[in-house]
Amino acid sequence: MKKLSKESRIDEQIKHFYDNVPNVGDALPLKEYLLKHEDSRMAWYLLGKEYEGKGDMAKATYCYAQAGDIYTAFEGKPAPVLPGEKTKGNNRKKWAIALLLPLLLAAGAIYAIRALSDDGDEVGATQQPTPSTPYYEGTASAPPSSGKDGGPDHVKLPAGFVPPGLIAGASGPDARGRDVLGSLLTGKRSTLPRLLVETPQLGKWSDWVKTAKPIAEVMNDPEAGTANVRWYNPKWCDCKPDDPSAATRKQLEGWKPVQEEKAVLRSAMIRYKETKGKWPSSPEQLAADYPNNTMAGWTDNMTPWFEELKSALNDKKDGKLPQTPGWPENTGPETGHGTPAGQLAPVAEQPLQIVIDKTHHRLAVVSGDVILRNYAVGLGGDKTPEGAFVISEKVKDPNGSSTGVFGSRGMTLSDSRYGIHGTDEPNSIGKDESHGCVRMKKEDIEELYDLVPLGTPVTIAKGGLPSELRTPSERFRLKSEQNETNPRKVYDWLN
């Protein structure tokens, strides 16, 4: 494909701008002037308003930072400053407010008409589903909500903070870790910051739960052809590193729980396709009543993500439809921005699976070589079969009780009498006292039940998992509105 010159790209932007923004009379020459001069600050401002209207404050904040004094003139407050960027001084030509006033009024009219008509994309913007997309449309069920009982309470980021485009894991400053850093410096062009974080190793596994400490922040300037690294970890540089900002720490605090929500939704869509032969067309097909409860519930974040993934799956590339869902990145809370990369990349690329280690009495939820959870379990020694299985059934309160021999949750392995379930004998966890099933503590089985969808592969073998347990302080939970009980069946798993 022929590479467009800067002037040609601007001309393409102008044409797109004209085609999609309603006519506001003599404002059009002013729009053209802004697109060709002063870094297109008005276009940046209007694009920021477009993203803000769609609920994507991360991208909106970035656009507002580019808009500079246009944002200040409209909003009556200073424009956001990007991480690592100094406040612009007098080395840049300033615009007289008197000259800007007619332009600001015209641009305001443009945005007001856009807000009412909503029938076109702004320059370079991608149409995104709104976060208020209704769930269970046409049914009596209310939208499940996230929060204390339905997903993590998401952290609010400070105004002006721009979340990273990628958050890459690296275990240390060895060859593999420096390869990850190199990919952040030389990867696809981006003006968003990219964050490198410490991801410890548990044997062959990358440790998701312990991933936390910032190592460095990478900033690229595609126009200037430069990149810089702000170091946070002295093990990686021959320098005096900075302390990570409070905003960066807040970003990481809320980031992992949101990625878990994304991983669960993406895995459920993939397993639904494997089972049904087609992609789900609505959320209620995933979070349905027993026995079609592919997912154990829903969160508010998942609604726009689902629409985003569904739209991408119907968008042909080179004449072909995608064969697998991507990673939802354009909607949802700001703390969720930052696609997992580096040693954490499998989380965004591979669906969740279960691995059971009979030697160490462990059950793990994994994505590729990333271990998201590692629980202690009770087994049956040689009575517990080895091999490959799938979660063929999920049920709440088996045999009508949350305190019976199978606890509050149960999952059948490949339509057999073997299952993963709770227990009324918690002291048997870590021992071989069952007749072949996998026993789990109440808090562990309930989290596992919400994490893994129907159709999840299960591998049982001797060895393979670390002995160190891995669970977060706040457990993953979905808000459930569906009926997942099955009173018509008496369960006789080999407990």
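Me: How many of the five residues of strand 1 (residues 166-170) are buried?
Reply: This is a predicted model. Buried means under 20% relative accessible area. Strand 1 is mostly covered, and the number of its five residues that are buried is four.

Me: Which strand pairs with strand 1 over five bridges?
Reply: Strand 1 has a parallel pairing with strand 7 (residues 339-342), over four bridges. There, Leu166 has Thr339 as its bridge partner. Another parallel pairing of strand 1 runs over five bridges, and the partner is strand 2 (residues 194-198).

Me: Which residue in strand 2 stands opposite Ala170?
Reply: Strand 1 and strand 2 pair in the parallel sense. Within strand 2, the residue opposite Ala170 is Glu198.

Me: Why does Gln353 count as partly exposed?
Reply: Gln353 sits in strand 8 (residues 353-357). Buried is under 20% and exposed is over 50%, with partly exposed in between. Gln353 counts as partly exposed because its relative accessibility is 29%.

Me: What separates the C-alpha atoms of Gln353 and Pro457?
Reply: Beyond four places in sequence, Gln353 has contacts that include Arg271, Thr456 and Pro457. Gln353 and Pro457 are 104 residues apart along the chain. Their C-alpha atoms are separated by 5.4 Å.

Me: How many contacts beyond four places in sequence does the model have for residues 86-152?
Reply: The chain has a mean pLDDT of 80. Over residues 86-152, pLDDT stays under 50. For that stretch, the number of contacts in the model is 126.

Methods:
Residues numbered from 1 in each chain as written. Predicted model: local features only at pLDDT ≥ 70, side-chain atom pairs only at ≥ 80, totals over all residues. Heavy atoms only, no water. Helix = DSSP H or I, 4+ residues; strand = E, 2+ residues; numbered from the N terminus. Buried < 20%, exposed > 50% of the residue type's maximum accessible area, 1.4 Å probe, protein only. Contact = heavy atoms within 4.5 Å. pLDDT = per-residue confidence, 0-100. Pairing = 2+ DSSP bridges.
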